[in-house]
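Visitor: I would like to learn how to read charged side chains in a model. Please take me through some cases.

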Amino acid sequence: MLIQTLTPAARTPLLALARRIADAGCNLSDARVSTIGTDTSLTLLATGAWDAVAKLETALTKLAREEELRLTHYRTSPREPSGHLLPYLVEVVSSDRPGILVKIVDFFSRHEISVEQLSSMRYQAMQTGAAMFQAQFTIGVPDKLHIAALRDDFLEFCDGLNLDAIMDPVKF
């Protein structure tokens, strides 16, 4: 079961949700917590037997009502292994300007590369005060693609946009 919430950071329901998952007899298989601005986003994946999942559904509905949470949950299926996708980590840093993220995602899309995870932010450089952009991607590169050619194309693409970037295999 996939569970998602949005709450003010001071009221994060992580502990309450983890307890409900355990009390229902389910396992917390995957968890993503992210604070953006003054809010916290939780994405949790709970697994268990059909009766435990049904019990969890009831508990979540009750929790959302009692705590006035923005909570969504639904049953999902396990992800099929993608043995033909090679995991790579991409990091990009540049001066901040509109459209950088769109151009990078478009590059991956045109090469049929999946974005598995993405984290990006805007910040001010401590040394100069310049507005900066930073993004970290985990991508799935189809094993049919020539890695050296892809890396060259990507770095050339980044050079054309004046982006500092690296692309390395995930090593775990």
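Guide: Side chains of opposite charge can pair when their charged atoms come close. A salt bridge here is a side-chain nitrogen of Lys or Arg within 4 Å of a carboxyl oxygen of Asp or Glu. R32 makes one with D30, and their closest N and O atoms are 3.1 Å apart. The model is predicted: local features need pLDDT of at least 70 and side-chain atom pairs 80 or more, while totals for chains, interfaces and linings use all residues. Residues are numbered from 1 along each chain as its sequence is written, and side-chain values use heavy atoms, without hydrogens and water.

Visitor: How many salt bridges does the structure hold?

Guide: The structure holds 6. Among them is the pair K62 and E66, with closest N and O atoms 3.9 Å apart. K62 and E66 are 4 residues apart in helix α2 (residues 50-67), so about one helical turn separates them. Helices (H or I, at least four residues) and strands (E, at least two) are DSSP runs, numbered from the N terminus.

Visitor: Which residue meets D96 in a salt bridge?

Guide: R122 does, at 2.6 Å from N to O. D96 sits in the loop between β5 (85-95) and α3, and R122 in strand β6, so the pair ties together parts 26 residues apart in sequence. D96 is partly exposed at 28%, whereas R122 is exposed at 57%.

Visitor: Which residues form the negative surface patch?

Guide: Asp and Glu count as negative, Lys and Arg as positive, and His and the chain ends are not counted. A patch is made of residues with over 30% relative accessible area and no salt bridge, like charges being joined within 9 Å. The negative patch consists of D152, D153, E156, D159 and D164. Helix α4 (residues 147-160) gives the most to this patch, with 4 residues. D153 is in helix α4, and D153 is partly exposed at 40%.

Note on methods
Patch = residues over 30% accessible without salt bridge, like charges linked within 9 Å, V, L, I, M, F, W, Y side chains within 5 Å. Areas by Shrake-Rupley, 256 points an atom, 1.4 Å probe, with all protein chains shown as cover. Charge placed at Lys NZ, Arg CZ, Asp CG, Glu CD. Buried < 20%, exposed > 50% of the residue type's maximum accessible area, 1.4 Å probe, protein only.
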